[in-house]
Amino acid sequence: MESFDYVVIGGGSGGSAVAGRLAVDGTRRVCLIEAGGRNDNVIIKTPGFMPFIRNSSNYKFDTVPQKGLNGRIGYQPRGKGLGGSSAINAMVYIRGNKWDYDNWADMGCDGWSYDDVLPYFKKAESNERGGDDYHGDGGPLFVSDQGSPNPTSHAFVEAAASLQMRPNDDFNGERHEGFGLYQVTQRNGERWSAARAYVEPIRDQGNFAVCTNTLVEKLVIEGGRVTGVMVKRGKRSEMIYAKRGVILSAGAFNSPQILMLSGIGPAQHLKDNGLDVVLNREAVGGNLQDHIDYVSGWETESDVPIGGTLKGTLKMAGAIFEHRRKRTGAMTTPYAEAGGFWTVMNDAPAPDIQWHFVPAVLEDHGRENVKGYGFSLHACVLRPESKGTVRLGSGDAAAAPVIDPNFLDDDRDIATLREGIRLSHRIADAPPLQVYGPTDRHPVDLNDDAALDEMIRNRADTVYHPVGTCRMGADDDAVVDPTLKVRGLEGLWIADASVMPKIVSGNTNAPSIMIGERCADFIKAAENR
């Protein structure tokens, strides 16, 4: 039985941050447990290879059939291996809106207002533009401008501007609203995952153990305290002992799954799965929120965008060669190169739609090979009202959890998405994009609500931002308190997107890293009490 001061479960965005911050000064023995591998290869590191990332780095979860999506089964990719989803995502660096965090504080999460979290975003960040009131320049997470954005991405920003939707060159600065090119988590033309930021620089320190390809079976709980973790390496189960505590950072799907496998969750559900109830917590696995997203697509006459033709393949081969030699060129693309935030509903307190512009035609999350040239435009609902659940399918830790986002259950979500799609088409119809001769791949009468809603239910799905299943709050029903400590147990914290009480208005990687940073400081403060 190995023994450490702290054991961190999950090497994703939050887990890498909390493990790295606890271990870096050498005063604590820290073990990081990750179910996947190291993710240290050219496919992961090269941004343009994102569509070709292997199954070993992606859980590739499915949802249950979604009533709001006409019974379709949704796709839920999640990162597996060090870096978690930051090793397979589009690298977009977005924090969300100031209102999001002030709203968390209003919901009872003291210490989580925008003014409280901004210093932690800055602490994590090393922005190539330098530090200022909103950005850091000395953190481990490198944030860069794109090196070789596609001309159509610029045209998208110009198209929005032609409709009086103003440009924004810093979505994480003073103003969230507007359209522009995204900054990305890259360094010198390579993906800079949370693991490259926080884990790899110190993985050889004697006080830091990184256990990859290790499956967590359950938490070990003795006398109301979490004292360790049961893991499986190959065919062998063993215990890793945590003298000071365990930090659960397995993400919005796997964190509640591990809690429930350990007897922490809705009592009747645990009993139905043959598990003893250690702590009845109805909120575990509830409050699941995700950004429902619709992808509009256009085929183009021009060969400027990325395409699946022979000419496009030859261009990609040249781009791969350039990237291997100089780390520059088209293979630095995050694919979601440009985007924007805008308000489409009159009662919204902040922008309620986000766009991701991709200079390629996407179908079925990129899993369908589309030949030819074109561009795609995602529109997602930033603060959906629909909420779902994560539940156990069995008592087997290796089995996938049962995921039900309950997409479009609340009519307000489809009403917002409807307006976002209409605006997507207005942008595509503007002159800067019309020069490419776009043809709509999924034409519909945009003035017909019923027809548009039917198309949404037939084609919409996630944009990969599940949160909320171990929510934070001041109430007794909350899974964690505002210091991220699990209520009702000693020696257990949660540090990942599952603690968000309400989804943020943007991509969730940067906020998850911020949560990991904060958790490390909460733990250090608890040591001194």
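Me: Which residues is serine 16 in contact with, leaving aside its neighbours within four places in sequence?
Reply: Serine 16 is in contact with Gly10, Gly11, Gly83, Ala194, Ala195, Tyr198 and Val199. Contact here means heavy atoms within 4.5 Å. The model is a predicted one, in which local features need pLDDT of at least 70 and side-chain atom pairs count only at pLDDT 80 or more, whereas totals for chains, interfaces and linings use all residues. Residues are numbered from 1 along each chain as its sequence is written, and side-chain values use heavy atoms, with hydrogens and water left out.

Me: Where does serine 16 lie?
Reply: Serine 16 is part of helix 1, residues 13–23. Helices are DSSP runs of H or I with at least four residues, strands are runs of E with at least two, and both are numbered from the N terminus.

Me: And is serine 16 buried or exposed?
Reply: Serine 16 counts as buried because its relative accessibility is 0%. Buried means under 20% relative accessible area, exposed over 50%, and partly exposed in between, with a 1.4 Å probe and protein chains only.

Me: Another serine, then. Where is serine 113 found?
Reply: Serine 113 sits in the loop between helix 3 (98–106) and helix 4 (114–124). With a relative accessible area of 15%, serine 113 is buried.

Me: What does the side chain of serine 113 make a polar contact with?
Reply: The partner is the side chain of aspartate 116, at 2.8 Å. A polar contact is a pair of N or O atoms within 3.5 Å; within protein, one must be able to donate a hydrogen and the other to accept it, and residues adjacent in sequence count only if both atoms are side-chain atoms. Apart from neighbours within four places in sequence, serine 113 is in contact with Tyr101, Asp102 and Ala105.

Me: Changing topic: how many salt bridges are there?
Reply: The count comes to 31, where a salt bridge is a side-chain nitrogen of Lys or Arg within 4 Å of a carboxyl oxygen of Asp or Glu. Lysine 67 forms one with aspartate 409, and the closest N and O atoms are 3.8 Å apart.

Me: Which parts does that pair tie together?
Reply: Lysine 67 lies in the loop between strand 3 (61–66) and strand 4 (72–76), and aspartate 409 in the loop between strand 21 (402–404) and helix 10 (411–428), so the pair ties together parts that are 342 residues apart in sequence. Lysine 67 is exposed at 67% relative accessibility, and aspartate 409 is partly exposed at 40%.

Me: How far apart are the closest N and O atoms of aspartate 449 and arginine 422?
Reply: The distance is 2.4 Å, and the pair forms a salt bridge. Aspartate 449 lies in helix 12 (residues 449–459) and arginine 422 in helix 10, so this pair ties together parts that are 27 residues apart in sequence. Aspartate 449 is partly exposed, with a relative accessible area of 35%.

Me: What do the buried residues of helix 12 pack against?
Reply: They pack against strand 4, strand 16 (292–299) and helix 10. The buried residues of helix 12 are Leu452, Asp453, Met455, Ile456 and Arg457.

Me: Which residue caps the N-terminal end of helix 12?
Reply: Aspartate 448 does, through a side-chain oxygen 3.1 Å from the backbone nitrogen of alanine 450.

Me: Finally, the whole chain. How many helices and strands are there?
Reply: There are 13 helices and 24 strands. The radius of gyration of the chain is 22 Å, close to the 24 Å that the globule rule gives for 529 residues, so the chain is as compact as a globular protein of that length. That radius is taken over C-alpha atoms, and the globule rule is 2.2 Å times the number of residues to the power 0.38. Buried residues make up 61% of the 529 residues.
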